[in-house]
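I opened my notebook to jot down what I could look up in this one. Here are my entries, in the order I made them.

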Amino acid sequence: MNDVASKLKQWEMERGVPVPSIGVKEARLAYAHVVISVLAVLIGALAGLMQTLIRTGIIPEVFGYYQLLTAHGIMLGLVFTTMFIIGLLYALLAKSFGRFESFPTRVAWLGFWMIIAGAVLVTIMVLANKATVLYTFYAPLMADPIFYVGLVLFVVGTWLSAFAMFRMYADYKRENPGVHPPLPAFMSIMTMLLWVIATLGVAGTILFQLLPLSLGWKDTVGIELSRTLFWYFGHPLVYFWLMPAYIVWYTVVPKVIGGKIFSDALARMAFLLFLLFSFPVGFHHQLTEPGIDPFWKFVQVILTFLVVIPSFMTAFSLFATFELRGRALGARGLFGWVKKMPYGDVRFLAPFVGMLFFIPAGAGGIINASHQLNAMVHNTLWVTGHFHITVGTAVALTFFGTAYWLVPVLRGRTLTKAMNRLGLIQAGTWAFGMAIMSYAMHISGLQGNPRRTGPATYFSDALTREWIPYHMAMAIGGTILLISVLIFVYSMFNLSFLAPKGEEEFPLAETEEAAMETPRFFENWKLWITVTFVLIAFAYTIPIWHLIESAPPGARGWVLW
Ligand code: HEM
Ligand SMILES: [Cu+2]
C-alpha cells in the first residue's frame, strides 16, 4: 500500500464509515457487480423452477415454456456468472496490487453501466416475448434487433471491464518491474484475456450475421457458420465460468483451511494451459452437425482431451494441499486429512462440495466429448444434467461460498456465526436439490428424454410416460433449490446491511516454501497470445473456409413464438 493510499484509508476510518479491507473505490465497484449477480440468481431460479413445473404439468403455462427457458439461461448462464466473476476479479486485483490512486474508475464504471444497459434491453425483449431464442440464440431463430443490440452492449461493457483490469496490471508492472504479479492477479488477468479472445467469435456472428438479418438488411443467414462462431465462444465460455472457481480453489481455500498453496508455478502453468486448450475445440459441441468435415471434428476432439492435463494438475495440487494440511494437524495415511477439514466453515464447505460434484461432472464431460457416446446423449436432458453439476454446482457453490466472505469484505462488515450457519444450510440444500434434479436429468436423458422441450405428451406414448417420475423428481429438486436461493439472497442482504461493522479477513494463501521457483516466461503475454491464435488458426481456418466457400443456401430468419 503506498502513501496516498494509506492516508486515504486513515481518512475513511476517521469518517466512521464501514471500511472494506481493499480500496473503497474498488470495493464499491466490485460490490455493484455482486449485487446484480445476486438479483440474477433470484430471477433465474424463479424462471428455472417455473419452467420445470410447467413441463411437469404441475402449473399451467402462464409464461411460455421457451420464454422462461430463455430467461433462465440468460439470467444464470450469462448475467449471474459474468457479474459475479467481474466483481470477484476486481476484488482480487485490488487486494493483490494494493490501492492505486490511478485506479481506472471511469472506464470500469462505464463498463458496468454498459453491461447493465445491455442486460436490461435483453431482459425487456425476453419479457415482451420478442426474443424467445434461448440463451444460445442459434440461427436461424430471429429475435428483435434490440435483443442483439443489448447483447452487443453487454459484451462491449465486459471488454471495458477487461481493459480496466489490464490497466491495473500494467500499472503494477510499471511500479514493480521484475516482480511476479501475485498469483490471484495473474489468474484473474488470464481469465479476462480468455474472455476477450472468446467473445470475438460471438461478436462476429451477432454483428455480421444476426443483427443484419433481424434488421432486414440481409434475407438469409448461414446457419452452420453462425453456430461455429457461437461455439468458438461457447466452449471457452465454460472455462470463463470455471477459472474464477479454480482461483478460489487454488488461492482462497488453502488459506481457509490454514494451509498453503501447493505450487505457484504449477497453478500458473495450469491456467496457461486452460487458455491454450479452450479455443481449438468448439466442434465438440457440433459433432452431430453434417456441414463440418469429420476430420476437423476428430482434430478438435483430440485437442479437447488435452484439457484433462491442467484439470488433473488442479485436482492433484488441491488434494496435495488438503493432505499436507491434514498431516500438519496429525492426520496419517492417504485419506487421514478427510477428518481434519473445517466443515463448519461455509468458506470451505461450499467450494469443497462443489469440488466433489466436479468429479462426476468431469467424467460426464469426457462422455459428451466422445463422438460415439455423444450421439447417445446429444440434446437430451443428460446434457442439462451435466451443466447443472458443472456450472450449476461446482461453480455456483464456489461462488456462494465466496460471497459469504466477499460481501462482508466489500461492505466493511463481518461474517457472523449465524450467517455462517445459514450458509452451511444453504450450501447443503443446494447440493441436495441439485443432486436430485441433475440425477433425474441424467437418467431420463439416457432414456431419450429431450432437452429444451415444452409440455409434450407425444400422444401419451408408454415411453414418455416413463419419464414422468423423473420430471417429478426435477420439480422436487428445483423447489429445494429455490429455497436455497431464498436463503442466499437473505444472507447477502444481511451481510450487506445488518451484520456488525468490522474488518473481515480477505483469505488469500501463501505458497509452500518448498515449492519450485516460478519461471518468468509465464508472463510473456505476447508469446501466449500468439500461440493461442496459432492454435485457433490451425483448428478453424480450413473448416471455416469450407463453410464459406461451399456454403449451402442460407436460411431466412424464423420467429416460432
Ligand atoms: C434454481 C435452480 C435451478 C433450477 C430449478 C433449474 C432448472 C432448469 C431446467 C428445468 C432447465 C431446462 C431443461 C430443459 O431443457 O427442459 C434448465 C436449463 C438451464 N439451466 Fe438451470 N436450473 C437451476 C439453476 C441453474 C444454474 C445455477 C445455472 C447456471 C449457473 C443454470 C443454467 C442453465 C442453463 C444454461 C440452461 C439451458 C437453457 C437452454 O437449454 O437454453 N441453471 N435449468
Ligand atoms: Cu465444450
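**Entry 1**

I looked up Glu323 and found it partly exposed, with a relative accessible area of 23%. (Buried means under 20% relative accessible area, exposed over 50%, and partly exposed in between, using a 1.4 Å probe and protein chains only.) Arg327 is partly exposed too, at 42%. The two form a salt bridge, their closest N and O atoms being 3.0 Å apart. (That term needs a side-chain nitrogen of Lys or Arg within 4 Å of a carboxyl oxygen of Asp or Glu.) Both sit in helix 10 (residues 308–328), 4 residues apart, about one turn of the helix. An α-helix has 3.6 residues a turn, so residues three or four places apart point the same way. For my own reference, helices are DSSP runs of H or I with at least four residues, numbered from the N terminus.

**Entry 2: ground rules**

I noted that this is a predicted model, where local features need pLDDT of at least 70 and side-chain atom pairs count only at pLDDT 80 or more, while totals for chains, interfaces and linings use all residues. Residues are numbered from 1 along each chain as its sequence is written, chains are lettered from A and ligands numbered from 1 in the order written, and side-chain values use heavy atoms, with hydrogens and water left out.

**Entry 3: other salt bridges**

How many salt bridges does a search of the whole structure find? I got 9. One of them pairs Glu523 with Arg268, the closest N and O atoms being 3.6 Å apart. Glu523 is in the loop between helix 16 and helix 17 (525–549) and Arg268 is in helix 8 (residues 264–278), so the pair ties together parts 255 residues apart in sequence. Are Glu523 and Arg268 buried or exposed? Both are buried. They also belong to a network of salt bridges with Lys173 and Asp264.

I checked Asp345 as well: its salt bridge is with Arg347, with 2.8 Å between the closest N and O atoms. Asp345 and Arg347 are both buried.

**Entry 4: helix 3**

At 1.5 Å a residue, its 33 residues should span 48 Å, and the end C-alpha atoms are 46 Å apart, which agrees. (The expected span is 1.5 Å times one less than the number of residues.) Still, helix 3 has a kink of about 30°, centred on Met75. (The bend is the angle between axes fitted to the seven residues ending at a residue and the seven starting there.) I counted 29 of the 33 residues as buried, so helix 3 is largely enclosed by the rest of the structure. Just after helix 3, Gly98 takes a positive phi of about 75°.

**Entry 5: ligand 1**

Which residues are closest to ligand 1? I wrote down Arg55, Tyr65, His72, His388 and Arg452, out of 26 surrounding it. (To count, a residue needs a heavy atom within 4 Å.) A nitrogen of ligand 1 is 2.8 Å from an N or O atom in the side chain of His72. An oxygen of ligand 1 is 2.6 Å from a polar backbone atom of Arg452.

**Entry 6: Thr380**

Last, I looked at Thr380, in the loop between helix 12 (371–377) and helix 13. Thr380 is buried, with a relative accessible area of 7%. Its side chain reaches the backbone oxygen of Val377 at 2.7 Å.

Terms used: Helices (H or I, at least four residues) and strands (E, at least two) are DSSP runs, numbered from the N terminus. A polar contact is a pair of N or O atoms within 3.5 Å; within protein, one must be able to donate a hydrogen and the other to accept it, and residues adjacent in sequence count only if both atoms are side-chain atoms.
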